[in-house]
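Hello,

Here is the structure we talked about handing over. My notes follow below it.

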Amino acid sequence: MLKKAWASLLALIFILTIAPLNTSANEAFLDALEEDLKATHYDYKEGTAEIVKEETLRHSNGNEVIAAVVEIDTVRDGIFITRKTEFHYYDATDNKILATADLAEVEGATEFADANIDMLGQQIVYWLPVLILLLMIAIPAVILFVVVPRFYSTTEYMNPIYEKNDNPR
């Protein structure tokens, strides 16, 4: 009985992890957002856009607009990673990302921005530069304290000669 319950629980967890989490509107939004982010952020890391919070609004012409707080990653020089949180607006009817100038005609855009302004920001990921700096210190230290003392040393070479001739040092 316990084995069946355990197997059922694992099967349920497996099914929930592979189930699609985004609807087709979100997928279209993410596809349009990927293209826009490639054009606007030269250091954008592809595939890292993630919708944190979203809300459906109405444009003055009746189009459905999705307002979202999006988290993206940017990578500079291959080691400096920055995680940014930004507002992005998507016109679901016309399938395009809206610019800031287009938001004047969207009802509720300023309320959405005011309600979620505390979510904006950026965070620098420090683990990779710190790891590289530690390696830059550790590798020369290992060479200095482990490898160098094992090289040829004149004092160790001359010790048997001094001891054989009973020469004082």
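Which residues are linked in a network of salt bridges? They are E35, K38 and E46. A salt bridge here is a side-chain nitrogen of Lys or Arg within 4 Å of a carboxyl oxygen of Asp or Glu.

First, the ground rules. This is a predicted model, where local features need pLDDT of at least 70, side-chain atom pairs count only at pLDDT 80 or more, and totals for chains, interfaces and linings use all residues. Residues are numbered from 1 along each chain as its sequence is written, and side-chain values use heavy atoms, with hydrogens and water left out.

Salt bridges

The structure holds 4 salt bridges. K38 takes part in the network through two partners. The K38 side chain meets that of E35 at 3.7 Å, N to O. These two sit 3 residues apart in helix α2, so about one helical turn separates them. K38 also meets E46, at 3.8 Å, N to O. On accessibility, K38 is partly exposed at 38%. E35 is exposed at 52%, and E46 is exposed at 56%. The cut-offs are relative accessible areas: buried is under 20%, exposed is over 50%, and partly exposed is in between (1.4 Å probe, protein chains only).

R76 and D43 form another salt bridge, at 2.7 Å, N to O. This pair links distant parts of the chain: R76 is in strand β2 (residues 64-76), D43 is in the loop between α2 and β1, and 33 residues separate them. D43 is buried, with a relative accessible area of 6%. R76 is partly exposed, at 42%.

H41

H41 is found in the loop between α2 (24-40) and β1 (50-59). Is H41 buried or exposed? H41 counts as buried because its relative accessibility is 14%. Its side chain makes a polar contact with the side chain of T40, at 3.0 Å. A polar contact is a pair of N or O atoms within 3.5 Å; within protein, one must be able to donate a hydrogen and the other to accept it, and residues adjacent in sequence count only if both atoms are side-chain atoms. Leaving aside neighbours within four places in sequence, H41 is in contact (heavy atoms within 4.5 Å) with I72, T74, K84 and E86.

The chain as a whole

The protein chain has 5 helices and 6 strands. From the N terminus the order is α-α-β-β-β-β-β-α-β-α-α. Helices (H or I, at least four residues) and strands (E, at least two) are DSSP runs, numbered from the N terminus. Buried residues make up 27% of the 169 residues. Among contacts with a separation of 6 or more, 55% come from residues 24 or more positions apart. The chain exposes about 12400 Å², and carbon and sulfur atoms supply 61% of that. Areas come from the Shrake-Rupley method with a 1.4 Å probe; for residues, only the protein chains shown count as cover.

The annotated span

An unreviewed UniProt entry annotates residues 124-148 as "transmembrane region". Such annotations may be inferred rather than shown by experiment. In the model, the span is 84% helix and 8% strand, with its end C-alpha atoms 38 Å apart. A nonpolar surface patch includes W127, L131, L135 and V148, and the whole patch has about 1000 Å² of accessible area. Patch residues have over 30% relative accessible area and no salt bridge; nonpolar side chains (Val, Leu, Ile, Met, Phe, Trp, Tyr) are joined within 5 Å, like charges within 9 Å. L131 lies in helix α4 (residues 127-147). L131 is partly exposed, at 42% relative accessibility.

Best wishes
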